[in-house]
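Subject: Structure for your review

Dear colleague,

Please find below the structure I wished to pass on to you. My notes on what was found in it follow directly after.

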Amino acid sequence: MSAPQQPATDIQPALPDADAGSDDAVVEDLDVDTDLDTDVAGGTEGAKGSGDDLLVQEGDVAGDYLERLLDILDVDGDIDLDVEGDRASVAIVGGRLNDLIGPDGATLEALQELTRLAVAQSTGVRSRLMLDVGGYRAKRRSDLTALAGDTAGRVASSGQPERMSPMNPFERKVVHDVIASVAGVHSESEGEEPNRRVVVLPDK
């Protein structure tokens, strides 16, 4: 079995973030970026018009790439493909997958970026594909949703801002989405990777 092809080095999609200028942005009024989605949808009408077909293609390419990788690593796992909203969703399930998740999901984040690069090399369009392994992201999303809700409640009651622990882009996106749904509070991100974090503030 041949090794998965290394993606071309000149394709460098930005890491997703929940801050202005990123593909997953939750943008404050002062940070509006009208170009957020142009690279994601592709600069041409053809790429833009393909819609779900492009997302399905992304999932298929990612699935093939990950199947070859699992074979090389001699790791048992099944690949589930789906489309969630405006992005392809790929999950590796079953087997012993902890090595593909890594400490605090670090290996999973790196694997997701490699998969996105492989997809971009095949489709010619920057990918926002989301990868989960062993249900890690699903559980983390659930935990963060509860944490963000509790934090928003405290800030709304106290009127005092709270800084959350450093999080990766996926985690910050989850928190920003929760905070955006709570009246009386809003959120921002501050700091630099890997110590970038969400700050929850009361509305003025």
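The side chain of Arg196 reaches the backbone oxygen of Gly191 at 2.5 Å, a polar contact in the sense of a pair of N or O atoms within 3.5 Å, where within protein one must be able to donate a hydrogen and the other to accept it, and residues adjacent in sequence count only if both atoms are side-chain atoms. Arg196 sits in the loop between β5 and β6 and counts as buried, at 17% relative accessibility. Buried here means under 20% relative accessible area, exposed over 50%, and partly exposed in between (1.4 Å probe, protein chains only).

This is a predicted model, in which local features need pLDDT of at least 70 and side-chain atom pairs count only at pLDDT 80 or more, while totals for chains, interfaces and linings use all residues. Residues are numbered from 1 along each chain as its sequence is written, and side-chain values use heavy atoms, with hydrogens and water left out.

The loop between β5 (185–190) and β6 (197–202) also holds Pro194. A cis peptide bond, with omega about 5°, joins Glu193 to Pro194. Two residues other than glycine have a positive phi: Asp74, at about 55°, and Asp104, near 55°. Asp74 belongs to the loop between α3 (52–73) and β1 (78–84), and Asp104 to the loop between α4 (98–101) and α5 (106–123). Asp74 is exposed, with a relative accessible area of 68%; Asp104 is exposed as well, with a relative accessible area of 68%. For context, most residues other than glycine have a negative phi, and most peptide bonds are trans.

As to the overall fold, the protein chain contains seven helices and six strands. Helices (H or I, at least four residues) and strands (E, at least two) are DSSP runs, numbered from the N terminus. Of the 204 residues, 40% count as buried.

Three strands form an open sheet in the order β4-β6-β5, with antiparallel pairing. Its edge strands are β4 (162–163) and β5, each of which pairs on one side only. Two strands pair if DSSP finds at least two bridges between them; β5 and β6 are joined by six.

Helix α6 (residues 136–158) lies across β4, β5 and β6, running at about 35° to β6. Axes are lines fitted to C-alpha atoms, for helices over the stretch in contact (heavy atoms within 4.5 Å), and angles run from 0 to 180 degrees between N-to-C directions.

Nine of its 12 residues are buried, so α7 is largely enclosed by the rest of the structure. Among these buried residues are Phe170, Glu171, Arg172 and His176, and what covers the buried residues of α7 includes α5, β3 (130–133), α6, β5 and β6.

Yours sincerely
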